[in-house]
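Please consult the sequence and the coordinates alongside the text.

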Amino acid sequence: MSPAASLHRRLLGGLTVLLLLTCVLLLLQSWYSAQRSADRVHDRLLSSAAQVMSDHVSWRDGRLWFDVPASALNMLAPQGDERVFYTLVDHKGHAVSGNADLNALMSPLPTPGTFRTVSANLNGLSLRVGALGARLTAWHHREPYTLLVAHTLEARRAMTLALFRDSSLRLAGIVVLALAGLLMTLRLALNPLAHLRTKLKARSAHDLSPIDMSVPRELQELLEALNALLARQRQVRIHEQRFIGDASHQLRTPLAGIAASAELALRSSDTAHWQQALQEIQGGTRRATRLAEQLLSLTRLDSPQAPLTRQPVSLETLARETLIRFLPAADRAGIDLGLAEHCPALTVQGDDWQLEEALSNLIDNALRYARSRVTVGIDATDRVLYVEDDGPGIHASARAEVLRPFYRDQEQGPGSGLGLAIADGVARTHDGHMIMRHAANGDFMIGLHLPETAC
Amino acid sequence: MPNALRTLYRTALIMVSVILLIPVVTASADERCASSPGHMRCQGKGSERLNIQGVVEADVLRPVLEAFHQRYPQITLDYRDASRGERRKPEGVPRDVDLLMSSAMAQQYQLANAGLAQSLGDGVVNPVWPDSARWRDELIGLTHEPLVMVYRRELADMGPPPVDHASLLTFLNHHRNALTGRIVTYDPARSPTGFMAVAQDVARSTEAWTLFEAMGKADTQLVDSTAAMLKGLIEGRYLIGYNLMGSYARRAVQSHPELVLQVPDDYALALQRLALIPKTAPHPDMARRFLAFITSSEGQQIMTTRTPLGSPLPTDDNATPAATSLEPIQLVPGLLALIDPLKREALLHRWQMIFTPHDPAGSHADTGEVE
């Protein structure tokens, strides 16, 4: 599983994108405002130049007269390299003087006393044209006229660029500061996470104690979950240690018996003693083997590596066959082992080996504690495979405990203490559970409830 | 003149000049440059061509043109002096011209201002070329020429010769009878350069009109070019010439000791001969090559030593006391005001009011480009 994008990168990425978006918007805004400022300044220049020129318009020899001032033309080229145009138009709309026909670029011409600007194109040159409407101020001549002035856009562009460059530089400075601040804030904000990480890394594999540190609210839940997990791990560890201790203890008992018998026999030269010792050794070996087998079964039940293979199992056949295997042992113990009178057919989806193991353990257990009778039966309605005996049974208060490995009702009983644990393991593997109760006739019943599976 | 007739006239003119050229070509075959009055042609080995139109006599520019031809022998060079031969309207640019040179600064400025010139190109012009002689990478001032007075030595017999505008006015008023008909200057109606000179004089101070009126009373002769003025001065027809191109005058004075060149002490307008490459130029790259050549230190060396033209590059010569009164005409939009149609009309009208009795109006009908 590849790791998801880092929290740091996500935060930084999101905030940076937001920051850049803001930057783009600000840059656009500053470009337009720079353009507006440059236009305003230079439109005012056009207006002033036209005003100055209008001072030189007069009436002479029965016609409009214009003494174009060189200074006004120079004024129109603040950078020196703009192309400059002007036209004087009389009240009939005829161009009287000038170096271009600017009156064709603006219509209608402004009324006297007003000034108007327009962007236009003259023979492929981009121009800004300003038109001043005015009126002669002589006593006898009050004809209106229009003065048009125009220049190319170099100065405007230069000013726009200069203004834009300034504001962009300012913005760049702000962005650098903001990014630095952002990085620092992120580092500070994510510091507890790094702290937690180093603390976890520094921990030894055996240290399952709760993590004790103060963390921000967002991390509190994570820390609580971690601590809960650690607590469960501690519990599991304790169980495992106890299990291993119990298993060693249980294995040691038969092995110690074997060792003692062998030692006694070696000291004696009587063959009868040897015979008895060999029998004792055989019994001890059986018990040890049985214990080892049970331990193996229990481990296999707990192992996630051995998946349950489900197949239809007829419980009746299973009960009958298992029963037959235990008949010799029951005979030896003088116990009447048999199938219940009414034994309905019931088929479950399950692992026949596991079910047989569970039943064997239940029968084995029952044979140990029964006084005279053990019955194997099937309850089709409740889907229970059970074993009844007329022994003392298990007291209600101890019923949960007996399912734990190495728990035995009587401390020095003959069993290993694993039988019920195995049966319980099988029941749980089959999604069921153990059932224990005293029947109406006083017999103790223990069984596996095996629910119907989905398939 | 109807168009067809004009074309016919032009064709005839070219044919005449071609016929005139043939003997000259054979005479200087090694140079491969042939000149006739108003025209010069250097036959190149290659197919590249360069057409230059100027208002300087071909002879004046000859050393520069020849040096260029020697450097680029593959280019066929045609130089046409627009002050001679066919006249054209001052507005607009002839279509076959690659490089247009003129000292009529306002007209040249107007052409470039109207967007009729193309960019001179990067790295063409010598980088040390002064900014005051350039505009927008479209106009370049190739020469720097003060407008001067020239008088004959015998003028000193009447009294101390004039050294500035005011003393010229006094001198004219004192010796009007002796000077009548013997003063010469440009005719602003026919020569754009002359118009520039008059308009600048007037723009600088309206007192100039007093001088012009005095000149009118003295029956001042009006001619087309500095060359004509110098010719008259050399021949002794004129005693004083006013507003002559300094470059020509200096050359004439060198070979004619009877002439004295006077740079006015109060102010001497300095004209620039402006060059531009028209948008319609058929061979703009050749024009750029020529500009690169003429503005290079080599080209300037030839121009200052072998022609009477003055370089705009700063030299020791410019630092002489006389040069301090030089007032260069700036390349600014204000130049447009000089040739404003109404203003031009008014100025010429007033000028003619002063000079009319001796100058029939009919001769002003054709305003060709003359110096």
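How many bridges join strand 11 of chain A to strand 12 of chain A? The model is a predicted one, and in it 6 bridges join strand 11 (residues 373-379) to strand 12 of chain A, the two strands running antiparallel.

**Strand 12 and its partners**

Strand 11 and strand 12 of chain A form a hairpin with 4 residues between them. In the turn, Arg383(A) has a positive phi of about 55 degrees. Strand 12 of chain A is also joined by 6 bridges to strand 14 (residues 444-449) of chain A, again in the antiparallel sense. In general, strands of a sheet pair through backbone hydrogen bonds. The table lists pairs of residues that stand opposite each other, including one that belongs to the sheet discussed further below.

| Residue | Opposite residue | Strand of the opposite residue |
|---|---|---|
| Gly377(A) | Tyr386(A) | strand 12 of chain A |
| Leu385(A) | Leu448(A) | strand 14 of chain A |
| Thr87(A) | Gly98(A) | strand 4 of chain A |

Strand 12 (residues 384-389) of chain A is largely enclosed by the rest of the structure, because 6 of its 6 residues are buried. Val384(A), Tyr386(A) and Glu388(A) point one way from strand 12 of chain A, while Leu385(A), Val387(A) and Asp389(A) point the other way.

Within strand 11 of chain A lies Thr375(A). Thr375(A) counts as buried because its relative accessibility is 16%, and the cut-off for burial is under 20%. Leaving aside residues up to four places away in sequence, Thr375(A) touches Tyr386(A), Val387(A) and Glu388(A), as well as Gly338(A), Leu339(A) and Ala340(A).

Strand 3 (residues 84-89) and strand 4 of chain A pair over 3 bridges, in the antiparallel sense.

**Nonpolar cores**

The largest nonpolar core has 137 residues, of which Met53(A), Phe212(B) and Leu291(B) touch the most other members. Residues up to four places away in sequence not being counted, the contacts of Met53(A) include Phe66(A), Leu76(A), Tyr86(A), Leu147(A) and Val149(A). A second, separate core comprises 48 residues, among them Leu315(A), Leu337(A), Leu385(A) and Val402(A).

**A helix pair in chain A**

The axes of helix 8 (residues 352-369) and helix 9 (residues 419-429) of chain A come within 8 Å and cross at roughly 145 degrees. This crossing is left-handed. Among the residues making the contact are Leu355(A), Ala358(A) and Leu362(A) of helix 8 and Ile422(A), Ala423(A) and Val426(A) of helix 9. By class, the contact has 7 nonpolar, 5 polar and 1 charged residues.

**Chain B**

Chain B has 13 helices and 14 strands. Of its 371 residues, 56% are buried. Among contacts in chain B between residues at least 6 apart in sequence, 80% join residues at least 24 apart.

Technical notes. Residues are numbered from 1 along each chain as its sequence is written. Chains are lettered from A and ligands numbered from 1 in the order in which they are written. This is a predicted model: local features need pLDDT of at least 70, side-chain atom pairs count only at pLDDT 80 or more; totals for chains, interfaces and linings use all residues. Side-chain values use heavy atoms; hydrogens and water are left out. Two strands pair if DSSP finds at least two bridges between them. A nonpolar core is a set of buried Ala, Val, Leu, Ile, Met, Phe, Trp, Tyr and Cys residues joined through side-chain atoms within 4.5 Å. Buried means under 20% relative accessible area, exposed over 50%, partly exposed in between (1.4 Å probe, protein chains only). Contact means heavy atoms within 4.5 Å. Axes are lines fitted to C-alpha atoms, for helices over the stretch in contact, and angles run from 0 to 180 degrees between N-to-C directions. A crossing is left-handed if the near helix is turned anticlockwise from the far one by less than a right angle, and right-handed if clockwise. Ala, Val, Leu, Ile, Met, Phe, Trp, Tyr, Cys and Pro count as nonpolar, Asp, Glu, Lys and Arg as charged, and the others, Gly among them, as polar.
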